[in-house]
Amino acid sequence: MATFLYKLGRLAFRRRHFVALIWVALLTLAGVGAASAPAAGTTSFSIPGTEAQKAFDLLEQRFPGASADGATGRIVFKAPEGQKMTDAGNKATVEKTVRELGDGSEVVSVTDPFTTNAVSRDGTVAYTSVRYDLPGMELADSTRTALEKAGDEARATGLTVDVGGDALQAASDPGAVGEIIGLALAAVVLVITLGSLVAAGLPLLTAIIGVGIGVSTITALASALDLGDTTSTLALMIGLAVGIDYALFIVSRYRGELAEGRDREEAAGRATGTAGSAVVFAGLTVVIALAGLAVVNVPMLTKMGLAAAGTVVVAVLIALTMIPALLGYAGKKIRPAGEKRGGKRLGRDRPAQAGTAGKPAKPNMGTRWASFVIRRPVAVLLLGVVGLGVIAVPATQLELGLPDDGSQPTSTTQRRAYDLLSEGFGPGFNGPLMVVYDAEGSDDAKAGATVVTDRIKDLKDVVTVTPATFNKAGDTAMITVIPGSKPSSAQTEDLVHAIRDAGPGIKADTGGQVLVSGTTAMNIDFSQKLNDALVPYLALVVGLAFLLLIVVFRSVLVPLKAALGFLLSVLAALGAVVAVFQWGWLAGLIGVEETGPIMSMMPIFMVGVVFGLAMDYEVFLVTRMREAYVHGETPSQAVVTGFRHSARVVVAAAIIMMAVFGGFIGASDAMIKMIGFGLAIAVFFDAFVVRMAIVPAVLALLGKKAWWLPKWLDRALPNVDVEGEGLRALDDRPKDSDADEDRELVRV
């Protein structure tokens, strides 16, 4: 591996024009494809195998043209103080609004509140519902504008009017301003770490090119593959973070090789062969974690994971080829590690680790910290584990759900419409349940539907049960059930389960089958499916990565320690997410206006993404320790050596990744904000507590046992040579140093 990547790095350095041209051409091709591709909608939200999905599929089959998965819009009216919605003027305004909405080209139906009993008991609040033939994200802008315009015109008459429903769903704002700030902070960290603007610019440039190719490709394929905007946002988030980090490690290693006195082409080759090997395996762990989301069997998650994994692959390829090419262009503008601006270049006889005048170099911060941990491993280990354990405690109170209009900021019309509807009719009106009665096996369909409605009315927390609406064939009925609690409450979830539990008894009595669907039931089923998939997914991802790390480190205990450390950091991150987004602790600092259940996909999503990123730091840090150990150092010395060379860069990489993820905290979309915070805090815990404290403490306690591997397994495993052992033979090659320098000057 190291030898192949060494040759690749030197080839890219020599053929820099060709390599740069290829990547620019790919970026141009992807950009043209994105610009010319048809506009995409959203990912179809389907959950195969769940009862809610079966009900939706049955409705599509038995009620053709009813658009069961179509968007809904809702305009809520409230009369001025002392008036009622049934007053002549107010009633005329509502009826005019209903007529105007009915003229829309994508409208299936519009309800009249005065004929559908959609006026509150005190007469002050009324609402009209609009059903469309397409999902919210696929509606034309003119349709969405017409809905908002109708609300504005009604509001102009003196009524309090607000608009809600998923028809207003639009492309989420990924937090562009925050992301720019994050990139600016990343640039500052890169300048401090790499010592020059040119060196700092390379990781940023290559990361932007990689993300540009990845996101543009996703945009170009969005319509054909039914990809939503969240897919691009995730690819952007992950692609920027790993793209910058991977390039940073190779550039940093390049500067270290220059400090050893190697010519620039040789340094580029060795940096690609050593740090590049770590990049390959770190990237593989991220790809495994993201692609593994397919085991959940939720198409939306599968597409998000595969798209983000593709962006990571692009980031790895760019780091291995474009970075060496750009190093060739940069020439002497990138100085050896440890060299001050304007200082002389360090020669072969004066490596970077040596001090001046024969004095040993002053230990850097990484060396001092590693030495401290090795002296007090038990105390550091206990402090790290207990600290993360305490932070993880809130995760035991985790409540899962999916965001609805009730989780929107109070400044939005969707949230105000939600609150008005709750005020006038009760919170359950914001999340009605759709009960489907399949009477195909029933002798008397109408009598069976009556039994269903009567059984449901007797259940706890039921406010209203509408009469059954049959299809033309008379073999399927829809029954709407209004719960007494809000959609995301535990009481509503209990009601869904209660209706489903009554299903077998109803089937025995009537011969018909009862299915519960609707957005609320869909969310409940989605959360349950994700919970059920978490353990198998964790076993698959951690198992595959464990095997991969055994190959990389040629050890059993080091990969085991890496996996356990990851579990600790992800649990602590989930605890922090619960404390902020569910309990409201420090919520104002990051702009969380409404607390509530944690997004259903958050645990499994964090497991996938954070595991991949956590293994990045494990691979980058521990491969340098492994390299030192293989080259003859004691286990304790190897830990110190690994920190001396890698700690500064790992810390910089973690800060950069936190800055990139933290930039998404400024997004208006609650889901993007939660993901950005969760990933940023998880990187903090994993990089600074687990990898920088717990890992060296454990390795110090284990000593040589850390690198133990059964002989039979050692013989069976392939030798990937991540440590660059195969490159040591290159040091014995006869070289003409003057020729090398002359050749370098010609290229620069």
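pLDDT is the predictor's confidence in each residue, from 0 to 100. It is a handy place to start, as this is a predicted model. The protein averages a pLDDT of 83, and 89% of the residues score at least 70. Confidence is highest in helix α12 (residues 377-392), at a mean of 95, and lowest in helix α22 (residues 737-747), at 40. The pLDDT is below 50 over residues 344-359, a stretch with 36 contacts in the model beyond near neighbours in sequence. Residues 735-748 also fall below 50, and there the count of such contacts is 21.

Let us turn to helix α15. This helix covers residues 490-510, and its 21 residues should span 30 Å at 1.5 Å a residue; the end C-alpha atoms are 30 Å apart, so the two agree. Along the way, α15 bends by about 35° at P504. Its buried residues include T492, L495, V496, I499 and R500. Just past the helix, G511 adopts a positive phi of about 85°.

Now for the rings. The structure holds 12 aromatic pairs. In one of them, the planes of F684 and F688 meet at 35° with ring centres 5.4 Å apart, so the pair is tilted. Both sit in helix α20 (residues 670-702), four residues apart, which means about one helical turn separates them. F684 is partly exposed, with a relative accessible area of 33%, and F688 is partly exposed too, at 27%. Elsewhere, ring pairs join Y127, F425 and F429 into a cluster.

Charged side chains also lie over ring faces:

| Charged residue | Ring | Distance from ring centre |
|---|---|---|
| R16 | Y329 | 6.0 Å |
| K91 | F114 | 5.3 Å |

Notes. Residues numbered from 1 in each chain as written. Predicted model: local features only at pLDDT ≥ 70, side-chain atom pairs only at ≥ 80, totals over all residues. Heavy atoms only, no water. Helix = DSSP H or I, 4+ residues; strand = E, 2+ residues; numbered from the N terminus. Contact = heavy atoms within 4.5 Å. Expected span 1.5 Å × (residues − 1). Bend = angle between axes of the 7 residues up to and from the residue. Buried < 20%, exposed > 50% of the residue type's maximum accessible area, 1.4 Å probe, protein only. Phe/Tyr/Trp six-rings, centres within 6.5 Å; stacked < 30°, edge-to-face > 60°. Lys NZ or Arg CZ within 6 Å of the ring centre and 35° of its normal.
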